[in-house]
Every structure is written in structure tokens, then in C-alpha cells.
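Dear colleague,

I am passing on the structure that we spoke about, with notes on what turned up in it. Please have the model open beside this message as you read.

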Amino acid sequence: MILHLLRPLHSLSSSTRSFKRALSSKIVPTAAEALKDVAFSGAKICVGGFGCCGIPETLINELARMKHVDGLTAVSNNAGIDGFALGVLLESGQVKRMISSYVGENKTFEKLYLTGQLEVELTPQGSLAARLYAGGAGIPAFFTPTAAGTVIAKGGFPIKYKGDGSGEVEIESKPREVREFNGREFVMEEAITGDFSIVKAWKGDTRGNLVFRGTARNFNPECAKASKVCIAEVEEVVEAGDLGPDEIHLPGIYVKKMILSKDNTKHIEKLTEGADENSGKGIISGPRGRIVRRAAKEFKDGMYVNLGIGIPTMASNYIPEGVKIELQSENGLLGIGPYPKKGEADADWINAGKETVTTTIGASIFSSSDSFGMVRGGHVDLTILGGLECSRNGDLANWIIPGKMVKGMGGAMDLVGAPGARVVVTMDHISKNGSAKIMEECTLPLTGQRVVDRIITDLCVFDCDKEGGGGLTLVEIAPGVTVEEIRAKTACDFKIAPEPLPLMDDK
């Protein structure tokens, strides 16, 4: 038996030699050829990418041409944008259900969902990555602190509205199992597996080993692993052996077929370039500037920090002198640098807000599941993010206005729900219509329950006793603002720190 296995190739039969040659390459000439025996109506398909970064454009466009393939369930962090990526399949009516975390940039998606033409399972981004990872690893379910106390755990979120324009819900989410570990609630999430996956990589060898580039890695490894059949499209094909074993990001065991990418638009959603030092751009003034500058004072030397979109990200421009922090982005980057210089933006390097970025010395890239492992594991020291509402007990709502705004929670539920996380919320003290945003109980669906440590507004700074239930304490006040004004614009009671109250920086 051993001698037979060691026979040289020339001693094997011609049929055996042909079989060996067939195994030597996973390259398929076209996307149509790769998909023809794989895609079918009603299939669940896992699609790699984050926003428009790392999107398998060629394979998606070919699926859109296969009009007989419909009723798809698409598992993807985002839903693309109008006319691009998964947006193409939404417009063609081939997708029946989306399982995603953030879909805010797709107007077609929002319209289809609110009019009952599309089923939607919004899932926290870190949980989505972990569910895909679990599916690929043979783990049927797991418990996570993410989404405890929210509608995701309790059930009742509208998956599908009736198509008669009544706004009534036809299908709603079911409650998830919740257990307590070490005095804290954890939510059970089930693994996700797909009938097939389509992913995008930078390089691939003929054995299906893949290398990703920059933040285009994101969800691609998880999606590849979560299905028995994975089709990868790559920008460059090399021979087996041209990639060193330690260069490979995804082993070929997960890849069934591979094509050379023909569509490489690499759309940039938010082209963000650094301002000229003499242009005056980037200087933030007024009430929001006050919030930004005060938020920057939360940074302490050596911190690993995650910043939300908008005001929180702006705070990185005001890091105090002598303080060095490292910025973590949930799409798989540790060590976010400045915006690129004009003309140097790269579609493969973005932050979680889909803005083009550079990296700092010593930066690192990783997959989405690794990114949220850092978050859930308590390795991120500080999270600063925006809010729609906050309660006196530290509840936060910032991801949806039912029936009106459907964006998704993205990674916010994971970030605020991590054990031991310090969470700072930045927001205007009142809404545009003058209504209070800080209240006894949030009226909007929660992002997290008892998760907020500090609230920074244009009028003041509140500390929140999220663990002890002691409510809010006013600890700083803006110049020219009185305690009476704050009371009039805050819809709950609060305590006041010993006077004199420190003033927020107004410069």
C-alpha cells in the first residue's frame, strides 16, 4: 500500500494523471461558468465586503444577469448603494430577504423594506461576523453580551411590512434565548451558513489560496468559510507556490472556484481628503465645535479608541498635546491615520464610516470577526459615538426611527455592550424641533441598556451611574449656560456636582 502511494506520476494511469491535473487549478474562465451549477432560486448567499470596499463586483453583476435566479436571501454587512454592488440585485428584484447590520446608504433598500417588498433581518455587525465565523467552524450557536435588553433580544422587530401601505407588520422577529453569566445577560445567536458564497480578494493562486489588500479583507474571510461552495474573484492570479505560506490570509480549502475579476470599479462612497494646512478647512466652531473639543479630552495616553461617525471622528483632530492613542475601526483596521492627501485616496483603505483613510506606523489589518473579538473581549478602552436619545439610567438609542429612518445598528450594539467598555455619547442637547433628547426613558428602540458612562452635549457634560442606577450628575457646563436652562431642556431629574462647576472649553 505504501509503495503504491509513492509511485511516480508517470507510472499512474492516464485517467489518474488527468484527475491530478484537474485538481491542480481552481480557476474557472468566467463568472457565468462559475455560477451556473451553483446559483439557484431561493438560495442563501453570503456576500463579502464592507460598504463598497472588497465587493465581488464581477460575480454580483453576473448574478444580476441570471434573471431566473430570484428569491435570494443575501447575507452581507451592507446592502450596497443604488446601482452598485448588492443594490443591483435589489433593483432587479432578485433578493427576497437581507441579513445585514447597516443599510443606510441605499434608498432602494429603504423603499422596498418600508413598502413590504423586502424582508430584512437587521443584525449587530459583530454578531453577524461571529455568526458567519461560527457557521464556518461548525459551532451551532453562541452567547454574546451584544443587544441584551434591546428589541433584537426581546423580539418584535419588523422583518416584513404588509404591502398594502398600511404600515402594519406582517413578519416580526422572534425573541432570542437569554441567559445570565456572572450576573450579566447574554443573548444566544445562531450560526449562519450559506448555500454558496461570493468573495473578493486581491491575489489568489491556482489552489484557491487568497490574499486580501487593506480593509478590503473585512467580511470576506467569514463569508468564504460559511458556505460549502465559495467562489472567489481576484484581481491577480498567480501560480501555486508564488505565495509564501505565511502570506496567505485564507487557505484554499475554503475556496471551491476562482475567477479573474473583470469588474473593478472600486467605488469610493466617501472620498475624504486632508485639508490644506492654509485652507482653514477642518476648523470646527460653534456649539458642535464645543462638543468635539470636549470629547477629545476623553483621550488618555496609550488608549485604544473606537470613534463613531461624525462628531466623534472629528475629535481625533483635537488630541491633547502629549497624548498618543490608537484608533480602531470595526471594519478591520487598528492604527487609523490622517485622511489621504488630495489625489492619493485608495478605495481599499477606508474606515467604518466608509471614508478614505491612511494608516499610522505600526498599523495592522484583520478580519471583521477578529475586529469584534477585540471589542467583546474588552480590549478597546474607549468608545465615543453619537446618539438620538439617552436615558437617565444610561440607556442609548441611536440606530433607527421606526417607519422613517432605516439605517441599521452597524457595530454600535457590539461596542456599547462589551463588558467593561467606557462609552461616551456626543449629541446636541435638544433636537431640531426643540424636544429633549435626554429623558427618563428612551422612546426609540435601544442600542444598549445601561451602557452610557458620560454624555457630552453643546450645553453640558453629564456623568451616568449605569451600574449603580444613581442616574445623571451634571459635572460641567458651557460658558453662558445656566443650570436652569439645562433643567428646562432635560426631560429627567439629575444631580449637580459640587460647585463651582467646571466650564467646558469654548475655544
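The structure holds six aromatic pairs, where rings of Phe, Tyr and Trp (its six-membered ring) pair if their centres lie within 6.5 Å, with planes under 30 degrees apart counted as stacked, over 60 as edge-to-face and the rest as tilted. Phe109, Tyr113 and Tyr161 come together in one aromatic cluster.

Before going further, please note that this is a predicted model, in which local features need pLDDT of at least 70 and side-chain atom pairs count only at pLDDT 80 or more, while totals for chains, interfaces and linings use all residues. Residues are numbered from 1 along each chain as its sequence is written, and side-chain values use heavy atoms, with hydrogens and water left out.

Charges also sit over rings (NZ of Lys or CZ of Arg within 6 Å of the ring centre and within 35 degrees of the ring normal). Lys203 lies over the face of Trp202, at 4.6 Å from the ring centre, and the charged end of Arg487 sits over the ring of Phe494, 4.5 Å from its centre.

Turning to the salt bridges (a side-chain nitrogen of Lys or Arg within 4 Å of a carboxyl oxygen of Asp or Glu), the structure holds 24 of them. In one, Arg213 is joined to Asp346, with the closest N and O atoms 2.7 Å apart. Arg213 lies in the loop between strand 11 (210–211) and helix 9, and Asp346 in the loop between strand 16 (333–336) and strand 17 (359–365), so the pair ties together parts that are 133 residues apart in sequence; helices (H or I, at least four residues) and strands (E, at least two) are DSSP runs, numbered from the N terminus.

Asp348 also forms a salt bridge with Arg213, the closest N and O atoms being 2.9 Å apart. Asp348 is buried, with a relative accessible area of 3%, whereas Arg213 is partly exposed at 26% relative accessibility (buried means under 20% relative accessible area, exposed over 50%, partly exposed in between, with a 1.4 Å probe and protein chains only).

Elsewhere, the side chains of Arg294 and Glu476 meet in a salt bridge (2.9 Å, N to O), and both Arg294 and Glu476 are buried. Salt bridges that share partners join Lys200, Arg213, Glu235, Lys266, Asp346 and Asp348 into one network.
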